[in-house]
Amino acid sequence: MKGKKEFTKAEIEQLLQLIKERKQTLSSKQKSIRDKMRKLGFYGRDDWGITDCTESDLMQLINNRKITVKDDNIDEPNRSSFISIMKNSCIDKNGKIAKSQLNYITPRFKTIDDLKTAGFEGFVPVAQLKNDNSAMPQVPGVYMVVYMGKGIPEFLSHGTGGFFKGEDPNVPIAELKSNWIENTCVIYIGQTKTTIRKRVKDYLKFGCGQKVGHKGGRYIWQIKESDQLLFCWKPTPDEEPDTIEKLLIAQFKEQYGGRRPFANLKD
C-alpha cells in the first residue's frame, strides 16, 4: 500500500476540497492536485482502485471502514451522523466543511418515520399507483418499497411478475423466506437516472404481468398482498442516483448484518 488508511478530520476536509478543485480545473493542472492528495497519503488508484476519485467515493471508503478518521471518535452511534455531514457537506471558500446545506441524511430503515426523517416522501400504496401515478415526481432519484405488515408475509408460488423475454420471474417460496429480513420496513431500494415516475411505472407494469424489463426487485410480486406495499421516493438533484442507491444498500447492510433488503439481488 502506497498511502495510508488513517486520516484526521482536517485531512479529509483537505481531500474533499482538492477533489472539488480537480473536477473544476483543466486536465493539464489535475496532476498537481493529485500530487497534493498523495502528499496527504491518499492514493486513489494504487490503493483503492479508484480513478478520478469523487467525494462520494471518498465517503464510501470511510463508510465501509476502509479509511478511518482517527481524531473524530466515531463510534457506532455517531458514525451515521458523521457520514451524513461529511458525505454531503458544502465546502466553503476556506476549504472547511459547511454544515448548513445537508441534502442527505443516513437513514435507519425500521419505520416510515425513519425514512421520512431521511427525506423520503410519497408512501403511496401499489394499488393506488396503478390507477394514478401523478404523485410521483418526474425527476431522477431513488425510491423504496415499504412493507407495513407484521411478521413474514404470505408468499405465492407464482406471483404477478411478467415473463420478460420468456424468463420465469418466480423463485421457490423457501428462497423468499430465507431472504426475508425482520425489523425493517424496507424490502427494496431502487434508483433511476430517467424519472422516478417512469421507472416506478415500469416496475408496476412488470408487477401486473406485462413483458417489461424490470426484473430487479421482482421478489415483491410474490408477496400475496403486494397491492398493499408502499412506494416512497427521494429526488437526488445534486447526486448521481446510482451512487445514492449503492450507499443506501451499503448502509442497510451495515445495520442488518451484511444482508441486503429482501428484494435487492445485488449491491
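**Ring and helix contacts**

A: K116 lies over the face of F123, 5.6 Å from the ring centre. A charge counts as over a ring if NZ of Lys or CZ of Arg is within 6 Å of the ring centre and within 35 degrees of the ring normal.

Q: What kind of model is this?
A: This is a predicted model: local features need pLDDT of at least 70, side-chain atom pairs pLDDT 80 or more, while totals for chains, interfaces and linings use all residues. Numbering starts from 1 along each chain as its sequence is written, and side-chain values use heavy atoms, without hydrogens and water.

Q: How many aromatic pairs are there?
A: The structure holds 13. Rings of Phe, Tyr and Trp (its six-membered ring) pair if their centres lie within 6.5 Å; planes under 30 degrees apart are stacked, over 60 edge-to-face, the rest tilted.

Q: How are Y203 and F231 arranged?
A: Edge-to-face, at 5.5 Å centre to centre with 85 degrees between the planes. Y203 is in helix 9 (residues 196-207) and F231 in strand 8 (residues 230-235), so the pair ties together parts 28 residues apart in sequence.

Q: Which residues are in their cluster?
A: Ring pairs link Y143, Y188, Y203, W221 and F231.

Q: New topic. At what angle do helix 1 and helix 2 pack?
A: About 170 degrees, with axes 10 Å apart, for helix 1 (residues 9-24) and helix 2 (residues 27-39). Axes are lines fitted to C-alpha atoms over the stretch in contact, and angles run from 0 to 180 degrees between N-to-C directions. Helices (H or I, at least four residues) and strands (E, at least two) are DSSP runs, numbered from the N terminus.
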